Amino acid sequence: TVFGVYDHGDYGVVERVGDHLPIPAARQPRQRSWRINAKRTVLAAGAIERPIVFPGNGTPGVMLGGSIRTYLNRYGVLPGREAVVFTSSDDGWATARDLAAAGARVAAIVDARADVDAGLVALAQTIGARVFTGSVVSAASGGRALKQVTVRDASGQNTVITCDLLAVSNGWNPTLHLTSHQNTRPVWDEAIQAFVPGAMPAGLSVAGSAAGHLSLAQALTDGERLGAQAAQDCGF
């Protein structure tokens, strides 16, 4: 884990030697500190999904949409069978699509935006999900496991929906902390409603979601271009 960016391409790094092992090797340290000097560095730290806060948001069964997609697409695990998606961006609709493809019933998609792309609404119709636009999930309840959510629309009317899974998606924050370690400041990007890297420390470039380029295609393009440029700058 890189914890510091210093002058002249120096980076502070901690290596976990034994902390993660059930039985650490004899006479080995728990951690080891490294000082790495790099001519060029590519930061590909991704982004952190933002939650949405409401009463009962800590109820088991309330999960970030990106985490649900990881369960589905990386591990082949379906976290629930009766799902509701609460989102403020297009990203939440991708979670609804993947849940339906994995065999879950998507009971409803709740989008805080009043205007939603017609193509997304058509997706909801395809998977049989009710759509609530300009609405929010005002509460989740169920005790030890999620049993229902309350949806409140712009007029204040409440609708109770039975479910055992609530996917929450409120956009993404680029993981840009290391770009600010030499008195450089992030800048606001209105399009993604998040801060993105501003001026870069010398020798450092940022790829993919950490730079605010949130699609897979953008991440792959950034990684290839910046990796090749870094190699070329180092004489390869």
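Rings of Phe, Tyr and Trp (its six-membered ring) count as a pair if their centres lie within 6.5 Å, with planes under 30 degrees apart called stacked, over 60 edge-to-face and the rest tilted. With that rule in hand, I got 2 aromatic pairs.

**Ground rules.** I am working on a predicted model, where local features need pLDDT of at least 70 and side-chain atom pairs count only at pLDDT 80 or more, while totals for chains, interfaces and linings use all residues. My numbering runs from 1 along each chain as its sequence is written, and side-chain values use heavy atoms, with hydrogens and water left out.

**Aromatic pairs.** I looked up Phe54 and Phe86, and their pair is tilted, at 6.1 Å centre to centre and 55° between the planes. Phe54 sits in the loop between β5 (47–49) and β6 (62–64) and Phe86 in strand β7, so the pair ties together parts that are 32 residues apart in sequence. My helices (H or I, at least four residues) and strands (E, at least two) are DSSP runs, numbered from the N terminus. Are Phe54 and Phe86 buried or exposed? Both are buried, where buried means under 20% relative accessible area, exposed over 50% and partly exposed in between (1.4 Å probe, protein chains only).

The other pair I noted is Trp188 with Phe195, edge-to-face at 5.1 Å centre to centre and 75° between the planes. Here Trp188 counts as partly exposed because its relative accessibility is 43%, and Phe195 is partly exposed too, at 44%.

**Cores.** A nonpolar core here is a set of buried Ala, Val, Leu, Ile, Met, Phe, Trp, Tyr and Cys residues joined through side-chain atoms within 4.5 Å. The largest one has 18 residues, and Phe54, Val84, Val137, Val149, Ile161 and Leu166 have the most contacts inside it. At least two residues of this core come from each of β7 (82–87), β8, β10 (136–141), β11 (148–152) and β13. Which strand gives the most? It is β8, with 3 residues. I also found a second, separate core of 17 residues, which includes Met63, Leu72, Val106 and Leu120.

**Around β8.** I checked burial along β8, and 6 of its 7 residues are buried. Strands pair if DSSP finds at least two bridges between them. β7 and β8 run parallel, joined by 6 bridges, and Phe86 has Val110 as its bridge partner in β8. β7, helix α2 (residues 91–101) and β8 make a right-handed β-α-β unit; right-handed means that, with the strands pointing away from the viewer, the path from the first strand over the helix to the second runs clockwise.

Next I followed β8 (residues 105–111) to β9 (residues 130–133), and they pair in the parallel sense over 4 bridges. The chain crosses from β8 through α3 to β9, again as a right-handed β-α-β crossover. Ile109 has Val131 as its bridge partner in β9. At the start of α3 (residues 118–127), a side-chain oxygen of Asp117 comes within 2.7 Å of the backbone nitrogen of Gly119. Just after α3, Gly128 has a positive phi of about 75°.

**Ser169.** My last stop was Ser169, in strand β13 (residues 165–169). Ser169 counts as buried because its relative accessibility is 1%. What does the side chain of Ser169 make a polar contact with? The partner is the side chain of Glu49, at 3.0 Å. A polar contact is a pair of N or O atoms within 3.5 Å; within protein, one must be able to donate a hydrogen and the other to accept it, and residues adjacent in sequence count only if both atoms are side-chain atoms.
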